[in-house]
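Look at the structure first, then read on.

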Amino acid sequence: MASNSCKSKILSNVLSCLNYKTGKFIIAESKRIGTLYRVIQLSIIGYLVGYVFLSKKSYQAKEESIQSAVITKLKGVAVTNTAESGRMVWEPVDYVIPPQGDAVFFIVTNFIETPNQKLGNCAESPDVPDGHCKGDKDCAMGESVKTGHGFRTGRCLRDNGKSSGTCEIYSWLCHDMTKSNENVLEAENFTIFIKNFIRFPKFSFSKANVQDTADKYHLKKCHYDELLEPYCPIFSLGDIVYRTGHSFQDMVLRGGSIGILIKWKCDLDRDHSECKPRYNFTRIDINASRESTGFNFRHARYYKNESGEVYRTQFKVYGIRINIMVHGKAGKFCIIPTVINIGSGLACIGGGTWLCDWILLYLMKKREFYKDWKFENVKKYEDTKQIPEEQQLTDQSPEV
């Protein structure tokens, strides 16, 4: 008997897997549960419409892999008058490095000139630790001085019988080491023309930050303004520095680095004229304490005298390094993300139904009463019998 009972139970469990479960709708006259359910529904619909579709525009296909090209051109002149070079006019070919109009370039605003440097032998600077010596053996011929200015000649030079000195080197810095004072260029009114071409390949959409116009003199007299002249990308150097929130005079003297970010945010479902560039200016050479060591480097101009001897003039230049970066995002209506987001919203509404059911069946005082109406097993009836009609919950359901 026990064996038969066990077999029957196993068979019953196996056959129960073939049962079909279907939903049963009951009306629970609970104002609290009904209000909660409607609040959840409206919240989800509000989130879907207000945030997902209107704010994030999730009904659009997106592209952020922007293709971009930047061309720059500088204009403006400055005059300096030094004892070494006399009166000199500085044009863009003199103060823009490199001069070919790249997205990264340097503008000279201040310089120190050291003229008439020739190759020769002299003592290494005492400020260079690797150049110190006590004898000639410390100055191996042909070896360079680390962080120094030339190559050792094999001699240790000591003054007035001192026990230590510095190595003799072969270097440019051995003749006429006099330096001029700092020479500042009046660079505040230099203008920078930034031409930017972009393309979103996914949508085959291209645009430039310069608008076509019949007035051929427009770019010669306009100046950038976010509201009045958004398609006139001409900026003065002083305006760029001021937009970073830093002092122009400080950057002129010590130098610095500025990043210009061009942002394109294009909704291609609207008119293409609304796809406008936005410019952001940031000083990027500052540390955590908002201090900067400035920006400078050295370069030289070489000459040859009548006897064929080569000499040079060295310039230590300070200035502003400009780095132009381009970011962009474009969107256009697409049925696939639209359907996906609508489906996700409907699924969230289904989650609200589950929450209300759980509260109704497990937290309410009359939860056992609701369970009896919620879950019902429909047994097999004979063909001649009918399934009893379902009684409405509203006939017996008490207020919760």
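## A first link

Which hand does the link of Cys 133 and Cys 156 have? This is a predicted model. In it, the link of Cys 133 and Cys 156 is right-handed, with 90° about the S-S bond. The sulfur atoms of this disulfide lie 2.0 Å apart. The pair links distant parts of the chain. Cys 133 sits in strand β8 (residues 132–133), and Cys 156 sits in strand β9 (residues 151–157). They are 23 residues apart.

Buried or exposed? The cut-off for buried is under 20% relative accessible area. Cys 133 has 4%, so Cys 133 is buried. Cys 156 has 10%, so Cys 156 is buried too.

## A left-handed link

Cys 139 and Cys 167 are also joined by a disulfide, S to S 2.0 Å. This link is left-handed, with -80° about the S-S bond. Again the pair links distant parts of the chain. Cys 139 is in the loop between β8 and β9. Cys 167 is in strand β10 (residues 165–171), and the two are 28 residues apart. Both Cys 139 and Cys 167 are buried.

## The wider count

How many disulfides does a search of the whole structure find? The search finds four. One of them joins Cys 266 to Cys 275, at 1.8 Å from S to S. Cys 266 is buried, and Cys 275 is buried as well.

## Two partly exposed cysteines

Partly exposed lies between the buried limit of 20% and the exposed limit of 50%. Cys 334 has 23% relative accessibility, so Cys 334 counts as partly exposed. Cys 348 has a relative accessible area of 43%, so Cys 348 is partly exposed too.

Methods:
Residues are numbered from 1 along each chain as its sequence is written. This is a predicted model: local features need pLDDT of at least 70, side-chain atom pairs count only at pLDDT 80 or more; totals for chains, interfaces and linings use all residues. Side-chain values use heavy atoms; hydrogens and water are left out. A disulfide is a pair of cysteine sulfur atoms within 2.5 Å. Helices (H or I, at least four residues) and strands (E, at least two) are DSSP runs, numbered from the N terminus. Buried means under 20% relative accessible area, exposed over 50%, partly exposed in between (1.4 Å probe, protein chains only).
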